[in-house]
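Please brief me on this protein chain. I am new to it and want the main points, grouped by topic.

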Amino acid sequence: MRRHRNVKIVATLGPASSDYKTIRALHEAGADVFRLNMSHGAHDEIAERHRIIRQIEQELDSPIAILADLQGPKLRVGVFANGEEDLEEGAAFRLDLDKAEGSATRVCLPHPEIFAALEPGANLLVNDGKIRLQVTDCGKDFANCIVVAGGTIANRKGVNVPDVVLPLAALSDKDRADLEFVCELGVDWLALSFVQRPEDVNEARTLTKGRTAIMSKIEKPAAVKCFDDILAVSDGIMVARGDLGVELPVQNVPPIQKRLVRRCRAVAKPVIVATQMLESMIESPMPTRAEVSDVATAIYEGSDAIMLSAESAAGDFPVEAVSTMNNVAIEVESDPTYREVIEASRRANRQTVADAIVAAAREIAETTDIKAICCYTQSGTTALLTARERPRVPIIALTNLRDTARRLALTWGVNCVMTGELTRFKLAVINAARAACAQGYTEESDQIVVIAGVPFNVPGSTNILRVAPCQESLIYATDPG
């Protein structure tokens, strides 16, 4: 299914989008990737959504990526005798391990690992940052605090600890069970929540055993500080602005988003910008102007994908939300300023033959009348490197591996086509020309650039570039291979 844009759209499935008709409508409206949120939904519900996606993929012969998003450890206060209490600014409040019901002066925080890491002066944020507590005194089983920002605290509200690196594993027992379940089910991407350090990613990679690509969600200040190390061991990144905007001053989030997107682009790893992109469309058929500008900003930055969460999972207008994102993307990418911004921010670090090949392919395509860049890929690396160049012409990735095609559905500008195994370069050129014509990117009178590696079917061997006509008789007449 050809898209008339380069940025990809991720749609989260949920109660509002769990049946065949809606999921197919979401894909046809523009969703390239479906997110399965493991925080909500039993395993049998997740399995049914997975089955429907694969059925639609087969019917439309269109590779679709499935992203399973693990919940991560959730930090919450206990319960109150009255269900909730109002905390006033300047009041004293205590957090401890006592399981007794809470009051206006204390409540249980059943996480000893938090107390082990706290120091006087540290901040704790409750209920998405609506309440801010500052630690004045603490020990292994308590923290005495001053209420810096007051409000209503209620049963089991979430707690964020932005100032310290918590000695918590990124994977809870539930996450481990969910990880094994979705890997056996067959997902293409696994998103890790609460990542604080590269060791968190390495632990998950050991458990996945190569069955899925790993995406690290950046939602903690600690992850921002060691981002380059996390990026090095991850296959992709999600800029999860929800918790990031709770734990950091909101004005810090936009420049962080821009920096992280550029670093991902520089190393050819896909990056998703997520959270509250079209939040008002949960209840309204139209977004706000500010939300449209937010989506546009992520596209102008060159993000690989933009994501809908509750808008498509639980909102009243899931298909309309995807259509809106699709329309905004098409409009932004047709703006001449878009190309200026993308090309001005192109800062690839080229050190290998493959880097040089894809850079040359882009330059040839943009200085001559080339209609598409066709790249053969086994692991997906050649397509990722080509996408890093952000060329002006379409990228067609040809592979005989369905898993590779699905993973690449998340990557900027990449259109995946399944092909058989090849042993001769001339057949590769012919297949590429046929695919470009069949997908509507070229006509027989046009030319394409073909990138491949010889010998074939060996990951990481990209070493050849050919400018070829789309007319098969001319290929046979001009290509001796």
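In this predicted model, Asn-127 sits in the loop between strand 7 and strand 8. Asn-127 is buried, because its relative accessible area is 16%, under the 20% cut-off. Lys-130 has its place in the loop between strand 7 and strand 8 too, but Lys-130 counts as exposed.

**The loop between strand 7 and strand 8**

- Strand 7 covers 123-126 and strand 8 covers 131-139.
- Beyond its neighbours within four places in sequence, Asn-127 is in contact with Thr-152, Lys-157 and Gly-158.
- The C-alpha atoms of Asn-127 and Asp-188 are separated by 33 Å. Along the chain, these two residues are 61 residues apart.
- Lys-130 has a relative accessibility of 53%. The cut-off for exposed is over 50%, so Lys-130 counts as exposed.
- Leaving aside neighbours within four places in sequence, Lys-130 is in contact with Ala-149 and Gly-150.
- Between the C-alpha atoms of Lys-130 and Val-328 there are 32 Å. The two are 198 residues apart along the chain.

**Domains**

- The chain is divided into domain 1 (8-72 + 170-338), domain 2 (84-160) and domain 3 (353-477).
- The centres of domain 1 and domain 2, taken over C-alpha atoms, are separated by 31 Å.

**Nonpolar cores**

- In soluble globular proteins, nonpolar side chains tend to be buried together.
- The largest nonpolar core here has 86 residues. Phe-34, Leu-192, Ile-299 and Ile-306 touch the most other members.
- Helix 12 (residues 318-333) gives the most to this core, namely six residues.

- Strand 12 (residues 189-192) is covered on both faces. Trp-189 and Ala-191 are buried on one side, and Leu-190 and Leu-192 are buried on the other.
- Strand 3 (residues 65-69) pairs with strand 12 in the parallel sense, over three bridges.
- Leu-192 has contacts beyond its neighbours within four places in sequence. Among them are Leu-70, Leu-171, Val-201, Ala-204, Ile-214 and Met-215. Asp-200, Ser-216 and Lys-217 are in contact with Leu-192 as well.

**Aromatic pair**

- How many aromatic pairs are there? The count comes to one.
- The pair is Tyr-300 and Tyr-338, with ring centres 6.2 Å apart. Their planes lie at 55 degrees, so the pair is tilted.
- Tyr-300 lies in helix 10 (residues 289-300), and Tyr-338 lies in helix 13 (residues 336-344). The pair therefore ties together parts that are 38 residues apart in sequence.
- Tyr-300 counts as partly exposed, at 23% relative accessibility. Tyr-338 counts as buried, at 1%.

**Helix 15**

- Helix 15 (residues 381-388) is mostly covered, with six of its eight residues buried.
- The buried residues are Thr-382, Ala-383, Leu-385, Thr-386, Ala-387 and Arg-388.
- Arg-390 follows helix 15 and has a positive phi, near 45 degrees.

**Cysteines**

- A disulfide is a covalent bond between the sulfur atoms of two cysteines.
- A search of the whole structure finds zero disulfides.
- Cys-145 is in no disulfide, and its nearest cysteine sulfur, that of Cys-138, is 8.6 Å away. Cys-145 counts as buried, at 3% relative accessibility.
- Why is Cys-437 in no disulfide? The nearest cysteine sulfur, that of Cys-470, is 4.4 Å away, and a disulfide needs the pair within 2.5 Å.
- Cys-437 counts as partly exposed, because its relative accessibility is 28%.

How values were computed:
Residues are numbered from 1 along each chain as its sequence is written. This is a predicted model: local features need pLDDT of at least 70, side-chain atom pairs count only at pLDDT 80 or more; totals for chains, interfaces and linings use all residues. Side-chain values use heavy atoms; hydrogens and water are left out. Buried means under 20% relative accessible area, exposed over 50%, partly exposed in between (1.4 Å probe, protein chains only). A nonpolar core is a set of buried Ala, Val, Leu, Ile, Met, Phe, Trp, Tyr and Cys residues joined through side-chain atoms within 4.5 Å. Helices (H or I, at least four residues) and strands (E, at least two) are DSSP runs, numbered from the N terminus. Contact means heavy atoms within 4.5 Å. Rings of Phe, Tyr and Trp (its six-membered ring) pair if their centres lie within 6.5 Å; planes under 30 degrees apart count as stacked, over 60 as edge-to-face and the rest as tilted. Two strands pair if DSSP finds at least two bridges between them. Domain bounds come from an automatic or database domain assignment.
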